Amino acid sequence: MKRVAFIGLGNMGLPMAVNLLKNGFDVRGFDKGATAASAALAAGVAMERSAIAAVTDADVVVTMLPNGAILRQVYGEIVPAAKAGALVIDCSTVDVESARAAHDMARNAGLKSVDAPVSGGVGGAAAGTLTFMSGADVEAFEAARPILSAMGKNLVHCGEAGAGQAAKICNNMVLGISMIAVCEAFALADKLGLSRQAMFDVVSTSSGQCWSINTYCPAPGVGPKSPADNEYKPGFAAPLMLKDLGLSQQAAASVGVETPLGQHAAEIYARFVAQGGTDKDFSGILPWLAARANEA
Ligand code: NAD
């Protein structure tokens, strides 16, 4: 049985770690947040007192952390403590530069390294149906396959170090823009006297269909169950979407590519987060926009 250290057992990390347990891996967790740590313990994950204690003797280390600065700091601790030849897999969404810095730290210490950010949200994490987009050499990617398969359904090897993060931020730029488009359409449809059910029934089966309406409909009581049906409790929190749009804009600037809708989406999410969206799901853009339409 492979021993897996899991660092960062938040909304995503905990259900992913639970799927590793279900697939017979010996999981040792660490989270610096007391609430996350007790939730993980209650879910059956053996929790350690430090990241270093969790990675000692682990064959594989999985990280699922909030951002690149924290990732670099955690790698600074765990890479020197990891077992010789261990495999490290970072599933967090971070900037390409931090992902490459983490790879360099790991490879310089003789570890196999993969960046494997995910798509599919907390529902996909719980169901074990995540998509993993990986950046790694072929040997490290193949070594990661059994671990990733226990937590996800689609594994895409996108290229060398950092390629997984590049794919992730491009995907999430599409998602941020498409969610705003769907919410604008619902707010407009309201004012045009169209029912939300009719709007869903048409768009979800017409050329406007996309994940943001078909799978994650931002209108409560319409379409499949989504955070909209739970008062926009995240889900995928608006500040995380803002973070991802910041990462895509940062990446676009670094390679000199114009992404005007990505830029505008980042500005809209920044306003939403500043005006009460901090604790809301990213689909909470709908009531925010609809309230503005009613004021107009
Ligand atoms: P989260 O805030 O719920 O979880 C992050 C966890 O990391 C927290 O429990 C926190 O206590 C822990 N942590 C922070 N610093 C730490 C440290 N130094 N050592 C150990 N633990 C530490 O966030 P999440 O929603 O689980 O997201 C995690 C990552 O996954 C993010 O990078 C996010 O962008 C990405 N992501 C999230 C979703 C989603 O739907 N929530 C979807 C795809 C990707």
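**From values to terms**

Visitor: Why is Asp26 called buried?
Guide: The model shown here is predicted. Asp26 has a relative accessibility of 17%. Buried means under 20% relative accessible area, so Asp26 counts as buried.

Visitor: Where is Asp26 found?
Guide: Asp26 is found in strand β2, which covers residues 26–30.

Visitor: What makes the approach of the side chains of Asp26 and Arg28 a polar contact?
Guide: The two side chains are 3.3 Å apart at this contact. The cut-off for a pair of N or O atoms is within 3.5 Å, and one must be able to donate a hydrogen and the other to accept it. The pair from Asp26 and Arg28 therefore qualifies as a polar contact.

Visitor: Why is Glu231 called exposed?
Guide: Its relative accessible area is 68%. Exposed means over 50%, so Glu231 is exposed.

Visitor: What is said of the phi angle of Glu231, and where is this residue found?
Guide: Glu231 has a positive phi of about 50 degrees, although it is not a glycine. The residue is found in the loop between α10 and α11. Asp57, also not a glycine, has a positive phi of about 70 degrees. Asp57 has its place in the loop between α3 (51–55) and β4 (60–63).

Visitor: Which residues does a cis peptide bond join?
Guide: The cis bond joins Pro234 and Gly235, with omega at about 15 degrees. Gly235 is found in the loop between α10 (211–214) and α11 (238–255).

Visitor: How do you know that the radius of gyration of the chain agrees with that of a compact globule?
Guide: For 296 residues, a compact globule would have a radius of gyration near 19 Å; the chain has 20 Å, and therefore the two agree. Along the principal axes, the C-alpha atoms fill a box of roughly 65 × 45 × 35 Å.

Visitor: What share of the residues of the chain counts as buried?
Guide: Of the 296 residues, 49% count as buried. The accessible surface comes to about 12900 Å², and 57% of that surface belongs to carbon and sulfur atoms.

Visitor: How many helices and strands does the chain have?
Guide: The chain has 13 helices and nine strands. Among its contacts between residues at least 6 apart in sequence, 65% join residues at least 24 apart.

Terms used. Residues numbered from 1 in each chain as written. Predicted model: local features only at pLDDT ≥ 70, side-chain atom pairs only at ≥ 80, totals over all residues. Heavy atoms only, no water. Helix = DSSP H or I, 4+ residues; strand = E, 2+ residues; numbered from the N terminus. Buried < 20%, exposed > 50% of the residue type's maximum accessible area, 1.4 Å probe, protein only. Rg over C-alpha atoms; globule rule 2.2 N^0.38 Å. Contact = heavy atoms within 4.5 Å. Areas by Shrake-Rupley, 256 points an atom, 1.4 Å probe, with all protein chains shown as cover.
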